[in-house]
Protein chains: 2
Amino acid sequence: MNPVKVGLCGLGTVGAGTLKVLARNAAEISARSGCDIQITHIGQRRENPDIDTGTITISRDIFDVAADPEIDILVELIGGTTVAKELVLTAIANGKHIVTANKALIAEHGNEIFAAANAKGVNVAFEAAVAGGIPIIKAIREGLSANKIEWLAGIINGTGNFILTEMRDKGRDFADVLAQAQALGYAEADPTFDVEGIDAAHKLVILASLAFGIPLQFDKAFTEGISKITTEDMGYAEELGYRIKHLGVARKTEQGVEMRVHPTLIPKKRLIANVNGVMNAVLVKGDAVGPTLYYGAGAGSEPTASSVIADIVDVARTLTADPEHKVPYLSYQQGELSNAPVLPIEETVSAHYLRMTVDDKPGVMNEISKIFAAAGISIEAIIQKEQEEEDETTVPLILVTNRVIEKQLNRVVAEIESLDFVYAPVTRIRVESLAG
Amino acid sequence: MNPVKVGLCGLGTVGAGTLKVLARNAAEISARSGCDIQITHIGQRRENPDIDTGTITISRDIFDVAADPEIDILVELIGGTTVAKELVLTAIANGKHIVTANKALIAEHGNEIFAAANAKGVNVAFEAAVAGGIPIIKAIREGLSANKIEWLAGIINGTGNFILTEMRDKGRDFADVLAQAQALGYAEADPTFDVEGIDAAHKLVILASLAFGIPLQFDKAFTEGISKITTEDMGYAEELGYRIKHLGVARKTEQGVEMRVHPTLIPKKRLIANVNGVMNAVLVKGDAVGPTLYYGAGAGSEPTASSVIADIVDVARTLTADPEHKVPYLSYQQGELSNAPVLPIEETVSAHYLRMTVDDKPGVMNEISKIFAAAGISIEAIIQKEQEEEDETTVPLILVTNRVIEKQLNRVVAEIESLDFVYAPVTRIRVESLAG
């Protein structure tokens, strides 16, 4: 059987899982792939006595792996974007194929890496970089290759989804659940990457490039976190038939491409609204296939290893193929990428949930609806509550608008906030119907 | 750009969709595939004046397409298993690659077709044969190639799922909804294939082979339809926290492989329990990745065409590849298929929902529980109802058992049915937790 020699850099959670699954399922993997995948060289900067690496050569300098003339494929699992980028570019220069789980590396430096790989005729596979074990990259790039992709929306950060699920199910506050997620090891000590949507934006940028054939443009993704979501807003959302999820949304319009990560009200009858806890899911709308959804574990040792190994098998299969018959890195052939602009958030279109605190007196709703009507924005739903306590003089007023360009909504909200019976700021959350 | 010439046999719903999507999305498809996919020959036994075939050569004898020396790929969309089999084997003998949407053909004659294709070194792709537009075959065969697949469960017949969804949502009877489904064109005039589970069994047999690396064994699949499901049982299922779905279930155990299509109670909190109407979904449990779910349109012109075209692109990419580097037809290399036996239904293991009509008198539950206890079967849930009318002398008694080998349950049910205070037959529906 055809041996394929693999160098593995980084023996953290995913690296250890990769070794473990490759060993445990060796029979299945070789029966499927028709080749004998051998990890022959490990690059590991610090010793990890907990992992049995058997007789595999270990190098403390990971660049020794990139220089190893024996290996066909280098698997980059060290994370980060500085050393990882240098390692990957060095390995490519040495003619190695690359498998990586590094979303930040691909989102921020993918264009450069793919150009270098294309020049050397080598493959770069990164299924594990988005949504862990879910084969979403393969689905978009190959499974839906007949479609114009119209939009996609994903729950692509498990920590954020865990926090929102707990807040909703148990009526607990954001800070409280975040502390628990940190204790459980779901959230890092510095949770910014997860809760502010940076991790999700890395993944969204990759998905948008695959879907629409545009270069990776991480700096143009709009990102809004979940730290300001309250159980109060969750309650109103439920009352209106919605659930609040932290979504990555990418949409192709005539004007360009929207790429945005933000809390979103979605109809609770949608399957994706029922994806709970740390699980991930991506909903993709193709013009021919309609809506399709892909669900599974978005992180973790073995789920991520599942995608790393699937990539190794894919790359092993095309080791001898001529480059023009390989699946292109970003789904579209290198010369065929589109220059469709990524739209600034002001130019994107969404429906909106607006919660305002207003004086409890006659005429308030009338004044507010006049402003919306003048701007041509229609109001799709309203919740107007009685005072909860006798001595309160303000009441909450909740509105859901139709779809409107964001700069127009900004003007209207500013006008409303300037009214003397409205207490600024108005709470705003985008609403997506995700209708097929 | 590399031209790939395709012959298309059959211009029904899917064939027409394939022509339409290939024309509409030509720019995207060639930018992704790097090749120019041209339908150069159509085999169409009867003229269809509604479809514009432009300047494409049309043959009334579809075997002229299989003999056309110009074409690289033959797309079989004529359906059925007799002429379709002869057409596909003829095309393979002529060195053509095959793309087909024909589940019956693959499930019943796939072993022979793959052997012939393997001998000629050509590809046979059949993504459209299972779950329409959902790239489920690609997901199992490539995306999850690192995993031991433990089990899978799918809603893989849209007509059946539409009927069950309507029955539940509107409290309507099976026969009533079936008539509506026929009027809407979802169900055929002879609905046997859909409602008795034969169509689902064709798809399940294919999925089981891909998941477990066994030859296709359609004759060994167990099939039970949905025509006996009542709104009464649906109500009790809901009360117990379940929903009734018509599932195809395949499971690998130490004893062999279970392949069964039957109505199933599944916990309503599972995502797949919330797949409604004509939509399809397949839940796959891999040992490394955990549970993953794939959802989308399981039928229809353009969704199915989406998979047909994705297969054409895949096959076009590997036209020049050496056979040992291609993805194997059934996920495992031809020489590596397992001889694990398919278990007869009596040897399979499930939990069970049992509804019995019993005399309303003291001691009944005690006698029945003694029988279960003696057989070592535990009862996980009970609903015992009061009489609805004063003058009734019988009451319904509903039990959910733990997981038990079916032959053991058969003995216990026979014993219960022989009791003089139980009115045979006992209604039985299998229960699957589908726990990750």
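User: Where is S331(B) found in chain B?
Analyst: In this predicted model, S331(B) sits in the loop of chain B that runs between α12 (301-317) and β13 (349-359).

User: Is S331(B) buried or exposed, and what is its phi?
Analyst: S331(B) counts as buried because its relative accessible area is 0%, and buried means under 20%. Its phi is near 80°, which is a positive value in a residue other than glycine.

User: What about A131(A), what is phi there, and where does the residue lie?
Analyst: Phi of A131(A) is near 60°, again a positive value in a residue other than glycine, and A131(A) lies in the loop between β6 (124-125) and α6 (136-143) of chain A. With a relative accessible area of 0%, A131(A) is buried.

User: Switching to annotations, which residue does UniProt list for "active site"?
Analyst: The UniProt record, an unreviewed entry, lists K203(A) under "active site". In the model K203(A) is part of helix α10 (residues 198-212) of chain A, and K203(A) counts as buried because its relative accessible area is 4%.

User: And which residues is K203(A) in contact with, leaving aside its neighbours within four places in sequence?
Analyst: With those neighbours left aside, K203(A) is in contact with K103(A), A129(A), V130(A), A131(A), I156(A) and N157(A). That list includes A131(A), the residue with phi near 60°.

User: K103(A) is in there too, so what feature does UniProt place at K103(A)?
Analyst: UniProt, again in an unreviewed entry, places the feature "binding site" at K103(A). K103(A) lies in helix α5 (residues 103-120) of chain A, and at 22% relative accessibility it counts as partly exposed. Not counting residues up to four places away in sequence, K103(A) touches A129(A), D199(A), H202(A), K203(A) and I206(A).

User: E188(A) has a UniProt annotation as well; which one, and where is its place in chain A?
Analyst: The annotation covering E188(A) is "binding site", from an unreviewed entry, and E188(A) has its place in the loop between α8 (174-184) and α9 (192-195) of chain A. Because its relative accessibility is 54%, E188(A) counts as exposed. Leaving aside its neighbours within four places in sequence, E188(A) is in contact with Q182(A) and D194(A).

User: What about T401(A), buried or exposed, and in which strand?
Analyst: T401(A) is found in strand β15 (residues 394-401) of chain A, and at 1% relative accessibility it counts as buried. Among the residues that T401(A) touches, not counting those up to four places away in sequence, are H352(A), F372(A), E380(A) and L409(A).

User: Which residues does a cis peptide bond join?
Analyst: In chain A, a cis peptide bond joins A424(A) and P425(A), with omega about -5°, and P425(A) is found in strand β17 (residues 422-431). In chain B, a cis peptide bond joins A424(B) and P425(B), where omega is about -5°, and P425(B) is found in strand β17 (residues 422-431) of that chain.

User: Zooming out, how many helices and strands does chain A have, and what is its radius of gyration?
Analyst: Chain A has 14 helices and 17 strands. Of the 436 residues of chain A, 60% count as buried, and among contacts between residues at least 6 apart in sequence, 73% join residues at least 24 apart.

Terms used: Residues are numbered from 1 along each chain as its sequence is written. Chains are lettered from A and ligands numbered from 1 in the order in which they are written. This is a predicted model: local features need pLDDT of at least 70, side-chain atom pairs count only at pLDDT 80 or more; totals for chains, interfaces and linings use all residues. Side-chain values use heavy atoms; hydrogens and water are left out. UniProt positions are given in the numbering used here, feature names are shortened, and annotations may be inferred rather than shown by experiment. Helices (H or I, at least four residues) and strands (E, at least two) are DSSP runs, numbered from the N terminus. Buried means under 20% relative accessible area, exposed over 50%, partly exposed in between (1.4 Å probe, protein chains only). Contact means heavy atoms within 4.5 Å.
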